[in-house]
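Hi everyone, thanks for coming. I'd like to walk you through one structure today, so let me put it on the screen.

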Amino acid sequence: MTTGRASQVPLASVVLVAATALLANFARMQQLGLYEDDYWSIAPHLGEPVSHLLGTLVSNFTTWPTGRPLNHFLPVFLSRMGSRLGGLEGAYGLAAAWLALNGGLVYAIVRRLTSEQAGVVSAMAYLLFPADSTKTLLVHAAHVQGAMTFLLLGVWLWLRGGRCRAASYPVAALSLLSYETAFLPFLGVPLLRAPDRRTLLRTLGIHLAACAGIVAAIAAIRFATGDVRAIDAAGNPARTLYRMTTSLFLGPLTSGWSLLASALAGWRQVDALAALDAAFLVLGFGAVLQAIRWRDSMGHGAPERASPALERVAADQPSWSWLVAGAVLVWAGSYALVLTNYNYPPTQTVGRLTSTHVAAGWPVSLLLGALFEGARRRSRRWSWAAAVLFAAWLASMVTYHHHLQREYVSAWRQQQRFWKDVMALAPDAGPGWAVIAEGIPAPSTPVIYANSWADYCTYALIFPERLDERRPAFGHLGYLGQLIQFRRDGERVTWRPRWWDGPFEPIDPARLVLLRDEKGALRRVNQIETPVGRLVATAPWPAPARPQWPDTPVSRLLFPERFR
């Protein structure tokens with residue numbers, strides 16, 4: 001039975017969980033930058049007033065962009081709040097705290113279900129879950145981990161029962177408004193209680209009916225607001241059913257394999273900082289387990305009287321084997337919404353799209369915690385063996401996540417070199433100009449891209465916004481290829497630099513810079529070939545050096561030496 005003394009949340013466990021979030025995922029935050037989707041969600045809002053957040057929230061819930069208003073609000077929140085705390089580094093600090101919060105929620109849930117030791121194991125496993133390699137990406141630290149916050153808080157409230165259980169449904173539903181796959185594990189929350197044949201089926205039926213009502217209500221709103229993803233999924237039911245069914249197997253196979261493959265990769269990617277952080281967390285894990293054992297043994301002779309509330313908690317605790325079975329089912333179910341073209345099949349192992357595995361991080365962490373609890377209850381020898389095995393996996397996961405961090409650092413440095421070369425080769429370019437590159441970009445790490453679809457946003461954000469003249473437009477044909485469209489009307493050429501939804505814009509040869517990219521080596525040229533024929537720039541070259549570099553948050557991040 002859980003005692004009053006043991007029910008107190010130990011500070012050491014909480015500190016260990018927070019340290020894991022920080023050291024494994026954000027130890028190199030001073031060297032990190034902006035990447036891919038950060039340029040539409042984070043970069044435009046750096047330094048903006050926090051007081052504008054309420055207006056942004058109201059606007060998002062009025063227009064329902066992509067059917068997920070919190071998907072667009074949470075990154076803005078992170079950007080404005082974090083940058084006010086300390087620029088980009090402040091944003092990363094807030095992201096680390098947010099991830100630590102999720103780890104703390106996992107700890108609180110599993111500790112309630114089994115034991116404190118299992119709670120520590122599950123929390124650390126969640127923070128080190130390797131299949132999702134985007135925990136460091138700011139946009140995902142906001143809206144993807146934000147969705148997981150709503151899920152985990154909903155699970156915690158449901159398990160508390162009473163009025164908290166009623167509140168768990170609207171809280172968990174918020175995940176559907178940010179990153180919908182995070183809602184799926186909430187469907188299986190009744191399986192986390194001790195099995196009772198008389199009530200389990202009834203509770204599960206009521207719970208699934210309530211969840212179905214939530215999903216139906218939000219789906220209706222998404223259809224009414226013209227959400228393309230929802231309409232596409234409903235318009236092809238056979239394909240949707242096929243993808244849903246196959247994802248239930250492909251997802252767990254991929255994320256399960258990553259638990260082993262990433263461990264091996266981690267040992268091959270060790271550096272001094274990774275080894276130091278791994279050693280610190282392994283020693284901290286061992287010390288916390290030993291402290292818990294010592295505390296429990298000291299109180300074993302004269303246990304304090306448990307409160308009625310704690311007695312009910314103990315009665316609701318399922319066996320570790322029941323939790324294992326429930327976690328496996330929820331693990332498979334967490335992939336049921338992998339339906340769209342950009343994230344199906346769920347076999348990604350590195351890159352931005354590995355966020356498709358994020359919901360699986362919760363059942364996998366519960367599974368590892370339950371297995372640890374089973375070993376702990378079997379015998380002292382099994383308990384020590386499980387602790388040693390988890391410590392070895394823990395060390396390898398820390399080194400693997402440090403490898404991911406180094407790849408992020410490398411991609412940021414590559415961006416800085418690329419845009420510095422662009423600015424040097426196009427010193428005359430400014431508002432109203434077009435800069436077009438062709439050729440082959442420098443090889444980029446698959447973990448996160450340097451050049452990406454967001455190059456248009458990056459170049460525009462280097463310059464201050466002008467109301468009287470459009471920002472300079474940039475496109476890299478070697479990266480985007482035919483996604484950037486050209487049209488010819490006689491001698492006039494127009495293009496669509498904002499290829500995803502923008503208008504066709506005229507190209508003025510006198511305000512045009514053409515670049516050839518030879519695997520990262522840029523040079524300026526007078527003409528390039530396009531699908532509508534040869535494009536010729538008449539702007540004089542060489543041009544005078546840029547008299548003044550633009551002073552914007554993105555410019556200061558990409559060219560810090562210019563503002564020292």
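Helices (H or I, at least four residues) and strands (E, at least two) are DSSP runs, numbered from the N terminus. What you see is a predicted model, where local features need pLDDT of at least 70 and side-chain atom pairs count only at pLDDT 80 or more, while totals for chains, interfaces and linings use all residues. Residues are numbered from 1 along each chain as its sequence is written, and side-chain values use heavy atoms, with hydrogens and water left out.

Let's start with H6. Helix H5 (residues 69–113) packs against helix H6 (residues 116–127) at about 150°, their axes 7 Å apart. Axes here are lines fitted to C-alpha atoms, for helices over the stretch in contact, and angles run from 0 to 180 degrees between N-to-C directions. So H5 and H6 are roughly antiparallel; the scheme is under 35 degrees for roughly parallel, over 145 for roughly antiparallel, 65 to 115 for roughly perpendicular, and oblique for the rest. H5 passes H6 in a right-handed crossing.

H6 also meets H16. Their axes come within 10 Å and cross at roughly 25°, so H6 and H16 are roughly parallel. This time the crossing is left-handed. Who touches whom? On the H6 side we have Val121, Met124, Ala125 and Leu127, and on the H16 side Phe390, Trp393, Leu394 and His401, where contact means heavy atoms within 4.5 Å. By class, that's seven nonpolar residues, one polar and no charged. For the record, Ala, Val, Leu, Ile, Met, Phe, Trp, Tyr, Cys and Pro count as nonpolar, Asp, Glu, Lys and Arg as charged, and the others, Gly among them, as polar.

Now over to the sheet. It's open, with four strands in the order E2-E1-E6-E7 and mixed pairing; two strands pair if DSSP finds at least two bridges between them. At the edges sit strand E2 (473–476) and strand E7 (521–525), each pairing on one side only. From one strand to the next, the twist averages 20°. Strand E1 (residues 434–440) and strand E6 (residues 512–518) run parallel, joined by seven bridges. Take Ala437: its bridge partner in E6 is Leu515.

And here H16 comes back. Helix H16 (residues 380–425) packs on the sheet and touches E1, E2, E6 and E7.

Note on methods: Left-handed = near helix turned anticlockwise from the far one by under 90°.
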